[in-house]
Amino acid sequence: MNRPDLASTSPSPSGTPSASTASPPPPALSSPVGSFAIHIPGVPDAELEPEPLDPAQIVSGDPVVTGKVLWESPDGKQIRGIWQITPGVVTDTEVNELFVVVSGRATIEVEDGPALEVGPGDACVLREGDRTRWTVHETLRKAYHISL
């Protein structure tokens with residue numbers, strides 16, 4: 001896997017962070033570092049690998065799931081990657097996850113909780129044990145961070 005580019009920030013004269021065009025070598029993502037941003041070229045159209053759904057999760061349609069793990073902590077408890085699902089309706093039991101929608105649209109109904117309408121640029125947090133029903137209106141691609 002190619003190492004992602006690092007976009008560092010440094011304080012501007014006003015004291016607020018500003019983007020720097022000179023990037024130091026990226027840190028090893030498996031070690032703790034200070035604040036940083038990672039640029040991952042091609043996220044919107046990256047090649048993903050099949051991740052078969054359990055047929056019991058499919059409520060309607062013929063959704064197809066693909067994904068790619070970009071980083072995993074040495075202990076396997078932190079995972080970052082890209083995930084995609086085509087239109088349809090599926091159920092899931094969630095883990096602690098933060099994701100940002102890159103493209104597509106879906107409604108995520110949390111049992112005994114809210115219905116979340118998500119689309120490009122939306123950030124969403126799902127909690128471990130949440131039982132959800134995903135109605136995917138347009139193929140949804142997200143960049144995620146999972147904490148196990």
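**A buried lysine and the strands around it**

Lys142 lies over the face of Phe99, 4.3 Å from the ring centre. Here a charge counts as over a ring if NZ of Lys or CZ of Arg is within 6 Å of the ring centre and within 35 degrees of the ring normal. Arg80 lies over the face of Trp71 in this way, at 4.1 Å from the ring centre.

The model is predicted, so local features need pLDDT of at least 70, side-chain atom pairs count only at pLDDT 80 or more, and totals for chains, interfaces and linings use all residues. Residues are numbered from 1 along each chain as its sequence is written, and side-chain values use heavy atoms, with hydrogens and water left out.

Start with the whole chain. It has 0 helices and 13 strands. Helices (H or I, at least four residues) and strands (E, at least two) are DSSP runs, numbered from the N terminus. Of the 148 residues, 32% count as buried. Buried means under 20% relative accessible area, exposed over 50%, and partly exposed in between (1.4 Å probe, protein chains only). The accessible surface of the chain comes to about 8900 Å², and 54% of this belongs to carbon and sulfur atoms. Such areas come from the Shrake-Rupley method with a 1.4 Å probe; for residues, only the protein chains shown count as cover.

Contacts reach along the sequence. A contact means heavy atoms within 4.5 Å. Among contacts between residues at least 6 apart in sequence, 61% join residues at least 24 apart.

Now return to Lys142. This residue sits in strand E13 (residues 131-147). Is Lys142 buried or exposed? Lys142 counts as buried because its relative accessibility is 4%. Leaving out residues up to four places away in sequence, its contacts include Gly81, Ile82, Val100 and Val101. Trp83, Phe99 and Trp134 are also among the residues that Lys142 touches. Ring pairs link Trp83, Phe99 and Trp134 into a cluster. The structure holds 2 aromatic pairs. Rings of Phe, Tyr and Trp (its six-membered ring) pair if their centres lie within 6.5 Å; planes under 30 degrees apart count as stacked, over 60 as edge-to-face and the rest as tilted.

Which residue meets Lys142 in a salt bridge? The partner is Glu97, at 2.8 Å from N to O. The pair links distant parts of the chain: Lys142 is in strand E13 and Glu97 in strand E10 (residues 96-110), 45 residues apart. Both Lys142 and Glu97 are buried. A salt bridge is a side-chain nitrogen of Lys or Arg within 4 Å of a carboxyl oxygen of Asp or Glu. Side chains of opposite charge can pair when their charged atoms come close.

The structure holds 3 salt bridges. One of them joins the side chains of Arg133 and Glu109 (4.0 Å, N to O). Arg133 lies in strand E13 and Glu109 in strand E10, so the pair ties together parts 24 residues apart in sequence. Arg133 is partly exposed at 37%, and Glu109 is partly exposed at 35%. Another joins Glu111 and Arg131 (3.6 Å, N to O). Glu111 is in the loop between E10 and strand E11 (115-118), and Arg131 is in strand E13, 20 residues apart.

Val65 counts as buried because its relative accessibility is 6%. Among its contacts, beyond residues up to four places away in sequence, are Glu49, Leu53 and Trp83.
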